[in-house]
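Trainee: Hello! I am new to this structure and would like to learn how to read it. Could you walk me through it?

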Amino acid sequence: MAGLYGNGIELTERMLDFLWGRQNLTLNNIANVDTPGYKTRYMTFEAELQERLQNASQGRRPKVEVSQAIGQTHAAVHVTRSESTRLDGNNVDMDQEQVELVRTAYEYQYMLNSINSEFKRLQSAARQF
């Protein structure tokens, strides 16, 4: 897709995938709030994506290398090993999970608006022909 539209749509699509995964992980944490011994899980991808994009943009063929960097970035799931204040060993903090849920929902909505705007610009440009 990068050849015709550039990397913007591909990057937005990948971010939506990552955010969807983060949202599901947060919902899983909330669902396990009463599970004894359950440890909170969280997802990271931003730092890896940023590093790959910076390295790719300095390459000999930035457009191609940026597209490859976007496709090769993977999310990492981590388990929080912090001590629990609960006797059953569960460390899910409902307040923190709810904040994460809302934050991710806003980020997801922002990315949807971004890709929608990109398609509207392409549609407008196509009308000119």
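Mentor: Gladly. Helices here are DSSP runs of H or I with at least four residues, numbered from the N terminus. Keep in mind that this is a predicted model.

Trainee: Let us start with Thr104. Where is the place of Thr104?

Mentor: Thr104 belongs to helix α5, which covers residues 94-127.

Trainee: Does Thr104 count as buried or exposed?

Mentor: The cut-off for buried is under 20% relative accessible area. Thr104 has a relative accessibility of 1%, so Thr104 counts as buried.

Trainee: What does the side chain of Thr104 reach?

Mentor: The backbone oxygen of Glu100, at 2.9 Å.

Trainee: And which residues does Thr104 touch, not counting residues up to four places away in sequence?

Mentor: Those are Leu19, Arg22 and Gln23.

Trainee: Then let me follow Arg22. Which helix does Arg22 lie in?

Mentor: Arg22 is part of α2, residues 8-31. With a relative accessible area of 5%, Arg22 is buried.

Trainee: What about α2 and α4: how do their axes cross?

Mentor: The axes of α2 and α4 cross at roughly 10° and come within 10 Å. α2 is therefore roughly parallel to α4. Where they meet, α2 supplies Glu10, Leu11 and Arg14, and α4 supplies Ser67, Ile70 and Gly71.

Trainee: And at what angle do the axes of α3 and α4 cross?

Mentor: Helix α3, residues 46-57, and α4 have axes that cross at roughly 160° and come within 8 Å. The two helices, α3 and α4, are therefore roughly antiparallel to each other. The crossing in which α3 passes α4 is right-handed. On the α3 side, the contact is made by Glu48, Leu49, Arg52, Leu53, Ala56 and Ser57. On the α4 side, Pro62, Glu65, Val66, Ala69, Ile70 and Gln72 take part.

Trainee: Could we look at one of those residues, Leu49? Is Leu49 buried or exposed?

Mentor: Leu49, found in α3, is buried, with a relative accessible area of 5%. Leaving aside neighbours within four places in sequence, Leu49 is in contact with Leu11, Met15, Ile70 and Thr73. Leu49 and Ala69 are 20 residues apart in sequence, and their C-alpha atoms are 7.5 Å apart in space.

Trainee: How can I tell which side of a helix is buried?

Mentor: An α-helix has 3.6 residues a turn, so residues three or four places apart point the same way. Now apply the idea to α4, residues 62-72: the buried residues are Val66, Ser67, Ala69 and Ile70. They cover an arc of only 160° around the axis, which puts them on the same side of α4.

Trainee: To finish, could you show me residues that are partly exposed?

Mentor: Two examples will do. Gly8, found in α2, has a relative accessible area of 39% and is partly exposed. Gly8 and Ala126 are 118 residues apart in sequence and 18 Å apart in space, C-alpha to C-alpha. The other is Ser124 in α5, which is partly exposed at 33% relative accessible area. From Ser124 to Ala76 the separation is 48 residues in sequence and 38 Å in space, C-alpha to C-alpha.

Technical notes. Residues are numbered from 1 along each chain as its sequence is written. This is a predicted model: local features need pLDDT of at least 70, side-chain atom pairs count only at pLDDT 80 or more; totals for chains, interfaces and linings use all residues. Side-chain values use heavy atoms; hydrogens and water are left out. Buried means under 20% relative accessible area, exposed over 50%, partly exposed in between (1.4 Å probe, protein chains only). A polar contact is a pair of N or O atoms within 3.5 Å; within protein, one must be able to donate a hydrogen and the other to accept it, and residues adjacent in sequence count only if both atoms are side-chain atoms. Contact means heavy atoms within 4.5 Å. The arc is that of the directions from the helix axis to the C-beta atoms. Axes are lines fitted to C-alpha atoms, for helices over the stretch in contact, and angles run from 0 to 180 degrees between N-to-C directions. Angles under 35 degrees count as roughly parallel, over 145 as roughly antiparallel, 65 to 115 as roughly perpendicular and the rest as oblique. A crossing is left-handed if the near helix is turned anticlockwise from the far one by less than a right angle, and right-handed if clockwise.
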